[in-house]
Amino acid sequence: MDAPDLPPALLAVPRRTRDLQAAGVTRYRIAGHLWTPVFRGVHAWCELDPAATMPRIMAAAALLPPGAALGGWAALHLLGVRDLDGRAGPGGRRLLAVPICLGPVGRMRPRPGILLDRSRLRDEDVTLARGVPVTTAVRSCVDIMCRDGVEEGVVAGDAAARFRVALPSDIRAYVDSLGGRRGVPAARTAAALLDGRAASCTESRLRVVWVLEAGLPVPRVNVEVVDDAGFLLGEADLFDPWAAMVAEYDGKDHRDLARATSDNIREELFERANVVVVRATALDLWPRRAQLVRRLQTGHRDGLARDRRRDRWRVRC
């Protein structure tokens with residue numbers, strides 16, 4: 001059976017094998033080149049990329065038993081947090097498992113690529129997004145904090161605040177309401193670091209390195225630094241006014257010639273105003289993290305030891 005013989009809705013999202021068979025697609029054709037397995041028991045039409053974000057989410061949604069909900073990054077993505085796409089590591093090469101929240105008594109067979117969460121699932125923790133049951137944005141962030149640790153929790157919480165689906169204050173209140181659930185200490189640490197002014201997930205990671213690994217004071221996030229005359233020197237990703245130190249994350253877009261030239265000019269302006277600049281890339285956040293920690297600590301010491309009489313900067317409120 002070719003695509004024209006099937007309802008378009010059947011091809012738009014991954015479907016359970018039994019639903020395809022009920023629509024007249026034979027086992028032989030499902031096993032052929034026109035259908036691609038996403039998870040065990042779920043197939044996608046060949047024109048869908050089974051590794052793409054939405055097909056993976058909708059494939060997991062097709063598996064939801066009654067009373068269950070998608071959680072974690074998948075729930076947040078459906079709720080509008082586009083920066084969380086289920087990929088991790090340099091270049092987003094590693095696919096994260098799709099979390100499904102079952103509650104303590106929910107039943108579902110384990111599958112590769114699916115993460116089963118059996119923590120308590122209250123009615124108020126579940127909502128609908130695109131017709132799919134998902135955990136609320138606050139609950140999703142807290143689950144990530146408890147399960148995946150401080151860094152991933154800060155990334156998720158910052159992103160939820162950036163896309164205005166959850167307030168840091170609400171996330172902190174939810175964490176404070178938790179009892180002895182596993183991972184609560186990490187969640188408390190992550191919740192205390194949340195800042196919705198972070199412009200990207202990598203900026204959030206850089207701030208975690210700054211505070212927790214380099215041991216530096218909590219920085220100000222995306223603040224405008226100007227000179228004595230009020231001329232904008234640049235918007236600092238992270239800034240410590242006491243040490244006059246800026247940390248900047250350079251993503252893929254910074255490789256563009258025009259952007260790189262602008263970055264160089266901004267760095268020169270900062271340095272002329274007696275501001276220390278530390279730059280970081282994806283390599284610094286993953287394989288070279290220990291070196292990044294030392295560079296941040298060295299830059300901070302240099303900033304504290306600077307000749308303050310040469311300062312020609314201030315933070316624009």
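Two strands are said to pair if DSSP finds at least two bridges between them, and strands (E, at least two residues), like helices (H or I, at least four), are DSSP runs numbered from the N terminus. This is a predicted model, in which local features need pLDDT of at least 70 and side-chain atom pairs count only at pLDDT 80 or more, while totals for chains, interfaces and linings use all residues. Residues are numbered from 1 along each chain as its sequence is written, and side-chain values use heavy atoms, with hydrogens and water left out.

- Three strands form an open sheet in the order 1-3-2, with antiparallel pairing, and its edge strands, each pairing on one side only, are strand 1 (15–16) and strand 2 (35–39).
- Strand 1 pairs with strand 3 (residues 42–45) in the antiparallel sense over two bridges, and the bridge partner of arginine 16 in strand 3 is valine 42.

**Helix 8**

- In helix 8 (residues 168–177), Pro168, Ile171, Tyr174 and Val175 are buried, where buried means under 20% relative accessible area and exposed over 50%, with partly exposed in between (1.4 Å probe, protein chains only).
- Seen down the helix axis, these buried residues fall within an arc of 125° (taken from the directions from the axis to the C-beta atoms), so they line one face of helix 8.
- Asp176 and Ser177, on the other side of helix 8, are exposed.

**The nonpolar cores**

- A nonpolar core is a set of buried Ala, Val, Leu, Ile, Met, Phe, Trp, Tyr and Cys residues joined through side-chain atoms within 4.5 Å, and the largest has 73 residues.
- Helix 6 gives the largest share of this core, seven residues.
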